[in-house]
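Colleague: Could you take me through one part of this model up close, and then how it sits in the rest?

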Amino acid sequence: RTRMMPASARPEFSRPVDLERIGSAPYEVAIGANEAERAALAARLSLIALPRLEARLRLRRTGSGARLRLEGHLEAEAVQACVISLEPVSSRLTEDCVQVSALDPTAEPDLEQARDIAVGPGPEDEDPEPLGPEGLDLGEAVTQQLALALDPYPRAAGAAVPENLAGQDETQVARENPFAALKAMKER
């Protein structure tokens with residue numbers, strides 16, 4: 001469960017980028033979260049711990065310069081609670097990411113000046129996400145990619161669903177649920 005950050009709040013892992021520095025030539029940067037930032041992100045992402053979060057990113061303007069393409073690779077180590085036993089579950093994550101943003105959401109891409117046009121579904125074919133007045137925060141972009149990469153149902157080795165629930169459908173579980181009796185009484 002990822003908690004959304006209020007629009008007025010500053011991200012836990014903030015690395016704003018000066019958009020004036022970004023042109024058609026790639027702008028490359030490596031970022032990493034420090035201990036305090038990782039602790040704050042662990043709380044936001046409902047993790048036990050986040051021992052490591054690093055990313056190598058490349059940005060460039062595309063087409064007539066109305067879009068900003070972010071490509072990168074993130075590496076992280078995360079500790080989540082097992083969904084069955086609540087035991088710590090460690091994982092190493094490596095993810096490639098691509099994000100296309102609109103610098104001017106009203107501008108159409110200039111297809112004559114575009115050097116690379118992707119064919120088929122992909123970030124270039126989708127409507128780009130408009131950038132707000134605050135610009136682009138690389139740390140928040142990496143955090144969002146991390147949130148997508150986390151296992152939504154981490155399981156510790158050997159963790160098993162209790163035998164009285166294994167292989168049952170919802171109606172069987174509801175019959176054995178003590179609150180099912182209360183519900184039945186309420187329905188009468």
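Colleague: In the hairpin of β4 and β5, which residue takes a positive phi, and how many residues lie between the strands?

Modeller: That's L86, with a positive phi near 70°, in a hairpin that has six residues between its strands. Before I go on, this is a predicted model, where local features need pLDDT of at least 70 and side-chain atom pairs count only at pLDDT 80 or more, while totals for chains, interfaces and linings use all residues. Numbering runs from 1 along each chain as its sequence is written, and side-chain values use heavy atoms, with hydrogens and water left out.

β4 and β5 (residues 88-102) are antiparallel over 15 bridges; strands count as paired if DSSP finds at least two bridges between them. R69 faces V100 in β5, and A76 has L93 as its bridge partner.

Zooming out, we have an open sheet of five strands in the order β2-β3-β4-β5-β6, with mixed pairing. β2 and β6 (129-130) are its edges, each pairing on one side only. The whole protein has four helices and seven strands (DSSP runs numbered from the N terminus: H or I of at least four residues for helices, E of at least two for strands).

The largest nonpolar core has 30 residues, a core being a set of buried Ala, Val, Leu, Ile, Met, Phe, Trp, Tyr and Cys residues joined through side-chain atoms within 4.5 Å. Along with β4 (67-81), the elements giving it two or more residues are β2 (27-32), α1 (35-44), β3 (49-62) and α2 (138-149). L50, L53, L59, L136, L138, V142 and L146 have the most contacts inside that core. Take L59: beyond its neighbours within four places in sequence, its contacts (heavy atoms within 4.5 Å) include L68, R69 and L70, as well as L136 and L138.

There are charges worth a look too. A search of the whole structure turns up nine salt bridges (a Lys or Arg side-chain nitrogen within 4 Å of an Asp or Glu carboxyl oxygen). R44 and E140 make one of them, with their closest N and O atoms 2.8 Å apart. This pair ties helix α1 to helix α2 across 96 residues. R44 is buried at 6% relative accessible area, and E140 is buried as well, at 9%; buried means under 20%, exposed over 50%, and partly exposed in between (1.4 Å probe, protein chains only). E37 and R15 form another salt bridge, again with the closest N and O atoms 2.8 Å apart. Here E37 is in helix α1 and R15 in the segment before β1 (16-17), 22 residues away. E37 is buried at 12%, whereas R15 is partly exposed at 23%.

Then there's a salt-bridge network of R52, E54, R56 and E75. Within it, R52 and E54 have their closest N and O atoms 3.2 Å apart. R52 is partly exposed, at 23%, and E54 is too, at 38%.
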